[in-house]
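Have a look at the picture first, then read on.

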Amino acid sequence: MKNYGIGYAAWAILFGLIISNTVGTPKWVMPAVQTEYYIKTGLVLLGAEILFGKILLIGVPGIFVAWVVTPTVLISTYIFGQKVVKIPSKTLNMTISADMSVCGVSAAIATAAACRAKKEELTLAVGFSLVFTSIMMIAMPAVIKLVGMPYILGGAWMGGTIDSTGAVAAAGAFLSQRALYVAATIKMIQNVLIGVIAFGVAVYWCARVECVPGQKVRAMEIWHRFPKFVLGFITASVVFSVVYEYLGSDVSHALIDHGAIRGLSKIFRGWFFCLAFVSIGLATNFRELKKYFKGGKPFILYVCGQSFNLMLTLLMAYIMFYLVFPEITARI
Amino acid sequence: METTISQRGVGTSLGLRRFLPLAWRWARLFLCIFIIWAFMFIAAPWVEKTPAVAPIICFIDENYIDASALYYTEIEEFFEAEIHMENTMNFAPRGHSGSL
């Protein structure tokens, strides 16, 4: 099932949901259902994997495609959800917007934790991401081949739009090696954006959403409300990024990429996220999920946001790789 | 002591009444497991054989790509792409002006 982009996150939620909604979650398990603890610990560990130096890998085109389009789509989708679709829950709106525009499940976890979304909202966002990732991973390379789009443009397009990181690698590699390199680089730059998005959402929620309308919030109040795990997440990211740059490329690849990250943080982070998803499943009632589907609003939001994402990413990739920086494209 | 429900017109014992919801819950669990099994071993392999899906699924399988990875650090192809991009940006010929 991994080939369809269905990994441990989906199975963990699914089996948790099945147990809790059929035979019921055993009482002796309940003390271990600590969703918030697992998510926050996993996110701080994920912080170590967010290395800011990677954003310069492909120069200005990469920054524009991943760091300009993505926040634009995120903010536009959130406003669209509030003003047009009228999603009742702001946290659900933000979680789906981040999940769709940044990088799927990992962005959904970070954003949901930063804005204190409900576990059912995270489940819904993850579900959408998995379904659309599977479809886009199969459909996009086919469309690119069908219309005869240049593979570098296609790679940049897929890297900026397919939610799941794994699916980007699969779709890019299926197209061509050059498409894989561009798609993977764009996605990597976009992955790094998670830290900035989580921080921005946490600040926005404390300063603007969780306050009385029209009332000015003092800095101390923002500090008290601010989810402190985000600081751990950002600190881990900054420390590892600085050490990475200080050590230089070759030593960093060996010590940070292959040592600290792949040998330690990635493994523990995976287990913490897995436990978090099992906990979400074990503590969720199907009936609680039903109300979120009312009027198909989350679906409309996802489809509209993703359509806008597809158009804007393609346009920006074309402008950057073929009009402004064709010499970079020629060298890839 | 077992209380009969017949007084309430149900016509079954309390023991059976307790047993039925429990049996129903276990039946639902097995039903869910059966649906997952059917999805994994009947529906997914069938979809895999369709002309639109078969090429990419075969490709992913043959190249051991983890299409379900959540983050770039979980995929070998991303490290390969990073090294390629670094080398391209640093060492590839830049033309006469020497500028990007």
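Reading from its N terminus, the elements go α-α-α. What you see is a predicted model, in which local features need pLDDT of at least 70 and side-chain atom pairs count only at pLDDT 80 or more, while totals for chains, interfaces and linings use all residues. Residues are numbered from 1 along each chain as its sequence is written, and chains are lettered from A and ligands numbered from 1 in the order in which they are written.

Chain A comes with 15 helices and zero strands. Here are the two chains by burial; a residue is buried if 20 or more other C-beta atoms lie within 10 Å of its own, exposed if 12 or fewer, and partly exposed in between, with C-beta atoms placed from the backbone.

| Chain | Residues | Buried |
|---|---|---|
| Chain A | 332 residues | 54% |
| Chain B | 100 residues | 20% |

Chain A has a radius of gyration of 20 Å, which agrees with the value near 20 Å for a compact globule of 332 residues. That radius is taken over C-alpha atoms, and the globule rule is 2.2 Å times the number of residues to the power 0.38.

How do the chains meet? In all, 46 residues of chain A are in contact with 39 residues of chain B, contact being C-beta atoms, placed from the backbone, within 7 Å. Among the elements giving two or more residues to chain A's side are H1 (8–21), H5 and H9 (177–209).

Now zoom in on H5 of chain A. Since 10 of the 10 residues of this helix (residues 105–114) are buried, H5 is largely enclosed by the rest of the structure. Just after H5(A), A:Arg116 takes a positive phi of about 55 degrees.

H5(A) packs with H9(A) at an angle of about 25 degrees, their axes 8 Å apart. Residues making the contact include A:Ala107 and A:Ala110 of H5(A) and A:Ile197 and A:Trp205 of H9(A).

Definitions and conventions. Helix = DSSP H or I, 4+ residues; strand = E, 2+ residues; numbered from the N terminus. Contact = placed C-beta atoms within 7 Å. Axes fitted to C-alpha atoms, helices over the stretch in contact; angles between N-to-C directions.
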